[in-house]
Structure formats: structure tokens, C-alpha cells
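Hello,

Here is the structure I promised to pass on. Please have a look at it first, and then read my notes below.

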Amino acid sequence: MRVALFVTCLADLMRPNVAFAALKLLKLAGCTVEVPETQTCCGQPAYNSGDRATALTLARKVIDEFEGYEYVVLPSGSCAGMIRAHYEELCKDDPALLARAKKLAACTYELTDFLVNVAKLESVPGDFAGSITYHDSCSGLRELGIKQQPRQLLGKMGQVEIKEMSEAETCCGFGGTFSLKFGDISTKLADNKCENACATGADAIVGGDLGCLLNIEGRLRRKGDRKTQVLHVAEVLAGKLD
Amino acid sequence: MEIHSNDFKARAREALANPNLQKALKLVQVKFVPGRAAAAAEFGDFEALRDAGRDIRNRALENLDLWLERFEQEAIRRGARVHWARDAAEANAIIVGIAQANGVKKVVKSKSMVSEECGLNDALEAAGVTPVETDLGEYILQINDHEPPSHIVAPVIHKTRDEVSDLFHAKHGKPRTEDIGALCREAREILRPHFLSADMGISGANFLVAETGSTVIVTNEGNGRLCTTVPRIHVALTGIEKVVPTLEDLSVLLRLLPRSATGQPITNYVSMNTGVAGSGDSDGPEQFHIVLLDNGRSRVLGSELKEMLRCIRCGACMNHCPVYQAVGGHAYGWVYPGPMGSVLTPSYAGMEHAHELPHTATGCGQCSAVCPVRIPLPELMRKEREMQVEAGLRPWQERLSLKLWGWSASQSWLYGIGTAIAARFLKRLGGADKLIHRLPLGGGWTDGRDFPAPAGKTFRELYRARKNLH
């Protein structure tokens, strides 16, 4: 399987290990992985802010870069959701581009969804030992149906115990630029999430979207919790990176 | 009603710091959210019911003019009078006119959000007519210096029992009690004589049925039925979008509405008002006026936001909205709060008075996941943001930063340099504990949270170095 990895702009800048972990997992699943070098961002921040022209420019660039691969995989439900659930609307006024966008959407997957349902990864190399609680990111959950996939993969790890938090499906308050525009509401929502997560007593809060994870970790640390780890699911599944 | 939607930020900050409100809002999460989930699960195929509800509302809206004309004909045939109001001022003038023509001094009101939209009580009072709110929640608000409702189904959800006890004690002059039954009895003793002495009753309408010319109200308190049947004149005020073609259609929506709103399979009362009292009838009004309000609805019908008109006012979107749960309804600054309000308010009250609202959601999608008629609320809010950008309504700093960011992200080499610099800069800011406590231009984030610092090099740099190594 010839797979293109879409690193996502947040992983590129904030946590490159998430992308390296995704790379390792995809290779283990038997994929030939390429990382198109000119990639930047899917355009979601502009799209959500109402700047359609900028979003369209970036969507066009993504389509140029990623069409032609058998699959496109992203370590983010939110960015994968942008391509799968929103490019069609964004490109609707340009029939030629729309056709290409639809084709790209059909072969685009969030990482855990791809590993479970397409690549059918049998075993995972991660060596995390302890308890984790999983935060279901909104776009992944409600736009792509990502719920059991990460849990199924984590379940393959012998020393991992999953402790479900209450309101796992409730927003952490990130919401992209919302977290800057409405900082105090965003913080309140992050607080609720941290309380629910910490109430499980888990060693780590794990999720599939870096935006949520930065938000949750940021609130935890500000409140003085230096102990609870906040990890991307790819990092947990991949284990040591070379 | 006066609009304060552009003060959302300040109002939300106050709401977050108000312990009574925070305590009261917990009820939304512990009562309405699990209630709706249990009712949907118990029903069986609730998803198919939502599909049917969406289709019925769409069918009504596709030929809204024809269904409204049919409704008018059927209502008139049964003795009702139908009035058309282009805006709130016209609706108020029509109702004040009816009151004055009939020498009405006192009106008993059943809960109506459209009357809040029109500011009807103020108009009645200005004309010397006393409106008495008889829904318990609305009554509480009225005696609390005409406080506006904070929820479309549970108007007084922002108050704790303690606060209501204090209020009743102060206004009724009776010994303070916290017993809910006793509080209800107190209100009832005051309200009963009003029903009997009022010259006119005003209600809203959850639905209008075209084939019978009926107005329908869905309520848990007997006040609605008293308002619509005891006084000699009944005025029903509602929006033009509320019409459904048939009773069969109504039966589907009546299954959806209470389950989505409060988790009830059916409300205590479902009242259908059809025509005036006949000669042999023991009760019912002599005059039945139906006031149908546009006030921006026909403009929405012709716009990209038209799906919003499917709304059946259940409140599920706000009940499930994490932002509403955190700040309550008053922060939104007008009649309709939460996600449905964030879409409707700019349309009805003018975008310039409500430009903050389409941004007041995280886009989590929980609202559209529970909407009984599948309104894509986050998508409609996003469309409103597009309208703002097109109209040049966003602050120049936001427009400029989006354009700059977009331009650099479309120039791959430049973007690579920019992110490499940013990664190093942010790493330095993070210091030894790898946490940024104060982010330049990012105070919205770091006022309440740290910002975890990056490792110092971008994936692109590291990957390229690794590839060159091999």
C-alpha cells in the first residue's frame, strides 16, 4: 500500500515525534510511506474563521500534493475530517476541483482508523505500562466515527489498562481559534475535562488530536499537575522512536 | 427585546465568576442531557424519527407560502382571525390594537419566546394593558424586575431554588420556604384569580397545522390551557415558519419535541386550539386571533441559513453545548441563546448587533448530533462567519493575520523557514520546564493555561536530516 503521510501543521511545529510515530506504525503495517515535502496545512483555521478564499488556496495545494496516492493518512481526526467532511463543500463551485476533492476525501484516513480498518495492523510495538484514559476528540468522533479504533489498538498492548472517564465525548474547549478568542470559557471547558480525566486516576491522558492535547496539558500544568502524562495515541502505540 | 449580544465576552466572564449560576447550570447536565439520551434510547429507532422530522420540516418550508395560505383559510373557516406581521413593531401594534378595540385591561400570558422577541410586554404596558406571565418560570422572571429568560424551554434555569425562595419571600411577603410544592402553591394562589379576571389570553404556538387551521402548544403546566380557553379573547403569536402540513406530520414532531427537550415521552399538556367556541361549547374564546410574525424569517428562507428554520425550539442544542453549559443563556444577550441563538440572532436582529455570536462555539458538533431535525448548526455558524468576512465585519488584525498565515502556508519554502524560527523561539520561551507561561499575543491562551513548548526543530527539518543521513 502506497501511503502519503500528512504530518499536520501542529505536529510539524509542536511535536514532530507524533509524525515519526505515525511513520513507524504505518511501516510496521506494511505500507510504503511517503511524506510529500512541500506540505503545510489543510486550511482548516481559515475555513473555520470564514476566510473561504484562503482555505480554498490551501485545499487546492493539498489536493495537488496528495492526489495520486493510494491512501492519505493523518495523525489527527480534525485535519482528516477537514479533508473528508468539508473539502467537498469548500470546492463546490469548481466542478473539476470538486471531483478531485471527492476522490481525495475517499482515500483519506485518520491514523487509528486506517491502522484498524484498512491496514489491519495485528500487533503494536508500544511499551507503555500503566493506566490511560482516552479523550475522544470532537471532529474525529462526530465527523469520522473514531471511537473504538484507538481503544482497539491500545487494547493490544499487554501492560495498558484503559480507564474510561465520564464525559469522554465532551469537548475539551480547544476549538482552534476559539481557545484564543474566548480564553476563559476555553479554560473552563479544559478544567472540566482535566477533572474528569484525573478522577479516573490514570497515569496518562491520551487522544488523537494535538490541539486538544496541548489544551489539556496546558491546563493540567498550570494547575500544578506535573505527573499526569498527556500523550498522542501514535506516541503510545509506537513506543521508542529511532 | 433590547440586544446585548456584542457584550458576550464580558457577560460570559461574569457568568463564569457567578457561583449561584454555576450551581444552577449543573441541572442542565444532570437532568436534560441524560434525560434526552434515555428517552431516545427507549424510543427505539430515534435516528429514523429524526430523519422523518427533518423531512417534514423541509417539506413545509419548501412550500411555506402555500401551507401558510392553507392554514389561514382553514383557521378563518373555523372562526379565527389571522393577522400578518412583518416585524416586531407590527405584531405589537396588532395585539395592542386587539386589546384596545375590546377594552382589555389585563392579559394572562402563556410562555412565548416570540413575544420576548417582539418585546410585547413592554408594548402592552405602554398602552395601559397589564400582562401577567403565568408560566411558573416566566412568572418568577416577571416579578424579578422583568428579568429576561435564559433558556427557551426552561426560562429560569439560571436560578437556584434558594434564589427563588428569597424572591418569593420578598415579593409575596410570606414566610420563606424552600419546599418546591409550597412555592408552586404560592404562585398558583396568586395566578388563579388572574386567569378568571383577565380579558385576554396570549399564547405562543409550537406548531401550526395547515389542514385544520389549529395552533398547538406543548407545555407542562396547566396555565397554557387556562390562558387559551378561559378569557373571552385568545391571541396566539408565533413565527411563520412553525407551520406543518398535516396532523400526521404533527404526530411525528410531537414524538420528537419533548424527548429532545426534557426527555419526556410526552408533556403534561398538548393543546390544540382550533377556531372559536361554538354555540354549544361550554368553554373556549369568543375571539381567536392568530398573529403570524416574519421578522427576518423570510430573509433566512432565501439564504444559505434556511435549514435553521426547521428548528422546533426544543433547546437540545443549548442543553448539550459545552459553552452554554459553562456560561448560561444571558451571556448571549438576546432572546435565543446557545447554538440555535447564535445562528438566529444575527439573522433576526442584524449581524452588526450580534457579530460575536457565530464565534461563540468550539465547533464540537454536539448540538447537531442531538438536533431532532438535524440542523447542521456548526456549519451554519461557519457560514455566518463567511458572511462576516465577505462584508468586512471582522477586525483588521484577524483578517491580516489570516491572510499572512495563509500566504506563507501556500509558499512551502517560506513556511518551512517560518516554522523553523517559531519552533526555536517557542522552545526558548519554554525554558527549563518546557512550558510557556506567557505567550506574546496569546494571552487568551496563557491567562488560564500554560502552553507546552515544542522540541525546537520542526518535523520537516528532522525528517530531511534523517533522509540525508540514509
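**Two helices in chain A**

Ile83(A), Arg84(A), Tyr87(A) and Glu88(A) in H5(A) are in contact with Leu98(A), Ala101(A), Lys102(A), Leu104(A) and Ala105(A) in H6(A), contact being heavy atoms within 4.5 Å. Six of the residues in this contact are nonpolar, none polar and three charged. This is a predicted model, in which local features need pLDDT of at least 70 and side-chain atom pairs pLDDT 80 or more, while totals for chains, interfaces and linings use all residues. Residues are numbered from 1 along each chain as its sequence is written, chains are lettered from A in the order in which they are written, and side-chain values use heavy atoms, without hydrogens and water.

The axes of H5 (residues 77-90) and H6 (residues 95-106) of chain A come within 9 Å and cross at roughly 165°. H5(A) and H6(A) are therefore roughly antiparallel to each other (angles over 145 degrees count as such).

**Where the chains meet**

In chain B, 66 residues are in contact with 62 residues of chain A. The two chains bury about 5300 Å² between them, 60% of it on carbon and sulfur atoms (accessible area, 1.4 Å probe, lost on being put together and summed over both). On the chain B side, Trp445(B), Arg449(B) and Phe459(B) lose the most area to chain A, together 13% of what that side buries.

There are also 11 salt bridges across this interface, each a side-chain nitrogen of Lys or Arg within 4 Å of a carboxyl oxygen of Asp or Glu. Glu89(A) and Arg382(B) meet through their side chains in a salt bridge, at 3.2 Å from N to O.

Best wishes

Definitions and conventions. Axes fitted to C-alpha atoms, helices over the stretch in contact; angles between N-to-C directions. Helix = DSSP H or I, 4+ residues; strand = E, 2+ residues; numbered from the N terminus. Parallel < 35°, antiparallel > 145°, perpendicular 65-115°, else oblique. Nonpolar A, V, L, I, M, F, W, Y, C, P; charged D, E, K, R; others polar.
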